Amino acid sequence: MTDELKETGCEEYQALARRDFLTMASGIGIAAFVPTWLPQVVMAQSSNSTRDIVVSIFLNGGTDGMSMVVPFGDPDYYRGRPTIAVPRPDAAVGTANRATNLDGFFGFSPGMAPLYPAYEVGDLLVAHATGSVDNSRSHFDAQRYIEVGKPRDTNVAGGWLGRHLATTAPLRSDAPLRALSFTGGLPKSLELGPKTLPIPNPANFTIGGNGTTASARTQWLAQNYANAANPVAANALDSTNTIALLQRINFAGYTPANGAVYPTSGFGNVLRSTAALIKADVGVEAVQAFKGGWDTHANQGNIPGVDGQGMHNNMLDLSRALAAFHADVIQGSTAYGVTVVVISEFGRNARENGDRGTDHGRGNVAFTMGRKINGGRVLTNGWPGLAREVLEAGQDLRVTLDHRDILAEIVQNRLGNRNLGVIFPDYTPRFRGVTKA
C-alpha cells in the first residue's frame with residue numbers, strides 16, 4: 001500500500017497495510033467508454049485547454065494535522081498536549097524545534113518547514129479544521145467515503161477522480177493513458193476512469209512474467225485481442241500502447257529543474273516519476289499516490305529527538321518531496337498547469353493520550369498547491385477552538401470545512417469540469433476561494 005508502516009498503528013490499520021487492501025479495492029481496470037450509468041453530462045472541451053493535471057495524494061492512516069500545521073495561537077493546544085506540542089515560533093531563545101510562523105496563529109512544524117517557500121510565494125494553501133461530515137473512526141470506511149466522493153453510501157459507483165475523467169474529454173485524444181495510480185490495484189478514487197491503470201512503477205511497467213519474453217507477450221496481446229469486441233479490444237490496445245509509451249520515457253535519467261532534489265524514499269521516487277511523466281506530455285491528466293505511516297497512537301515523535309521522531313521523519317519526507325515537486329514542476333516549465341491535492345481520512349484527537357500519541361479524531365488539515373491556487377494563507381471556516389467544552393465529543397477538533405468544497409472548486413475551476421453533481425453525488429459545494437481566476 002505504501003512504503004511506510006508504523007508499529008504504533010491500530011490493529012485495523014496494521015491489517016489493511018499487511019493485506020494491501022488497495023490491490024483488492026477494485027476489480028475494474030480500464031473503462032474504455034463513458035459508463036452507461038452516467039446521467040446527461042456536459043463534456044469539457046479538450047482543444048486549447050487551460051485545464052490542469054491533478055496530482056491527488058492520500059495520507060492514509062489519519063494524519064495529526066495539528067502537528068503538521070500547529071495552531072499555536074490557541075492556548076488550549078498546549079493544555080491538551082503537554083508533552084507532544086510543537087513550541088511556538090516566538091518561544092524563548094534557545095528553545096529547539098520551534099514552529100515556523102505562517103499567519104500569527106498557525107505554523108509549520110519543523111517537519112513541514114521545507115514547504116514554507118511554496119507557501120511564501122502563494123502557491124500553497126493550507127486548509128484547517130477540514131474533513132468529512134462522516135464521523136467514522138474506521139480507516140477503511142473513512143477513506144472509502146472520501147475516495148468515492150460521498151459519505152455513508154456504499155452504493156456509489158466509481159470514485160470522484162474516475163467520474164471526473166468519465167465526464168470530461170481527454171486532454172489529448174490519442175492518449176492511451178489518461179490516469180494512473182502508483183499502486184498494485186486500482187484505488188477507489190479512480191474507479192470507472194477511462195484509460196486508467198494501476199502502475200506501481202512506470203519505469204518498468206510491463207506484462208507480468210519473464211523479462212526476456214515481455215516484448216513477445218506484449219505483441220501477442222495486441223494481435224490476439226485486436227479483433228475482439230469492445231471494450232476488450234480497446235483495453236488491450238490501450239494497455240500495450242501504454243507499455244510502449246512508458247518505455248520511451250527516461251525515468252531513470254530524469255533531471256529535475258530548478259535544482260530540485262527529491263528524497264530517495266519511495267514517496268520521493270513517486271513524485272519524481274510523476275514529474276517525468278507530466279513533462280513528457282503524453283496525455284496523462286490525473287495521478288493518484290499514497291503515503292502511509294500516520295497512525296500514531298504511541299510515541300508519536302513529531303519533533304526531532306523525541307520518541308524516535310517517527311512522525312517528524314514522515315513529515316520531512318512528505319514536505320521535501322512536495323517542495324521538490326513545487327520547484328521542479330509547478331515553478332518549472334510544463335505544457336499544462338498542475339494542481340496538487342493532499343488529504344487524509346481523518347485527523348487525531350485534540351488531546352494527547354497516555355502513550356505520547358494521538359488516537360483517531362475528526363478535524364484535520366489538507367493542502368492544495370499550484371500556480372492557480374490562492375495560497376500563502378491558512379483557510380478555515382471559522383476556527384472552532386480546542387477548549388474541551390467546544391471539542392466534538394469532548395475530544396476532537398470539529399470539522400467546519402467539508403473537504404468536498406475544496407475538491408469541487410478545483411474540479412470546476414482548474415480541471416474544467418462543471419458536472420459536480422455527478423462527481424460529488426447529492427452534495428452542493430460552497431466555493432471558498434481556493435483557486436485564482
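Strand 1, residues 52-59, is mostly covered, with eight of its eight residues buried, where buried means under 20% relative accessible area, exposed over 50% and partly exposed in between, for a 1.4 Å probe and protein chains only. Strands here are DSSP runs of E with at least two residues, and helices are runs of H or I with at least four, both numbered from the N terminus. The model is a predicted one, in which local features need pLDDT of at least 70 and side-chain atom pairs count only at pLDDT 80 or more, while totals for chains, interfaces and linings use all residues. Residues are numbered from 1 along each chain as its sequence is written, and side-chain values use heavy atoms, with hydrogens and water left out.

Let me stay with strand 1. Asp 52, Val 54, Ser 56 and Phe 58 point one way from the strand, Ile 53, Val 55, Ile 57 and Leu 59 point the other way, and all are buried. Strand 1 runs parallel to strand 9, residues 337-344, and eight bridges join the two. It also runs parallel to strand 8, residues 286-290, through five bridges. Two strands count as paired if DSSP finds at least two bridges between them. Val 54 has the bridge partner Thr 339 in strand 9, and in strand 8 the bridge partner of Val 54 is Ala 286.

Three strands form an open sheet in the order 2-4-3, with antiparallel pairing. Strand 2 (69-70) and strand 3 (100-101) stand at the edges with a single partner strand each, so one side of each lacks a neighbour in the sheet. Strand 3 pairs with strand 4, residues 107-108, in the antiparallel sense over two bridges. Within this pairing, Thr 100 stands opposite Phe 108 in strand 4.

Next, helix 5. This helix, residues 139-148, is largely enclosed by the rest of the structure, because eight of its 10 residues are buried. Among the buried residues are His 139, Gln 143, Arg 144 and Glu 147. Gly 149 follows helix 5 and has a positive phi, near 90°.

Now the charged pairs. Side chains of opposite charge can pair when their charged atoms come close. A salt bridge is taken as a side-chain nitrogen of Lys or Arg within 4 Å of a carboxyl oxygen of Asp or Glu, and a search of the whole structure finds 19 of them.

In one of these, Asp 396 pairs with Arg 137, and the closest N and O atoms are 2.3 Å apart. Asp 396 lies in the loop between strand 11 (377-379) and strand 12 (401-402), and Arg 137 in the loop between strand 5 (124-131) and helix 5, so the pair ties together parts 259 residues apart in sequence. Asp 396 counts as buried at 0% relative accessibility, whereas Arg 137, at 29%, counts as partly exposed.

Lys 150 and Asp 153 meet in a salt bridge of 2.9 Å, N to O. Lys 150 is buried at 16% relative accessibility, and Asp 153 is buried at 17%.

The side chains of Arg 356 and Asp 307 also meet in a salt bridge, at 2.8 Å, N to O. This pair links distant parts of the chain, 49 residues apart: Arg 356 is in the loop between strand 9 and strand 10 (364-369), and Asp 307 in the loop between strand 8 and helix 10 (310-330). Arg 356 is partly exposed at 35% relative accessibility, and Asp 307 is partly exposed at 25%.
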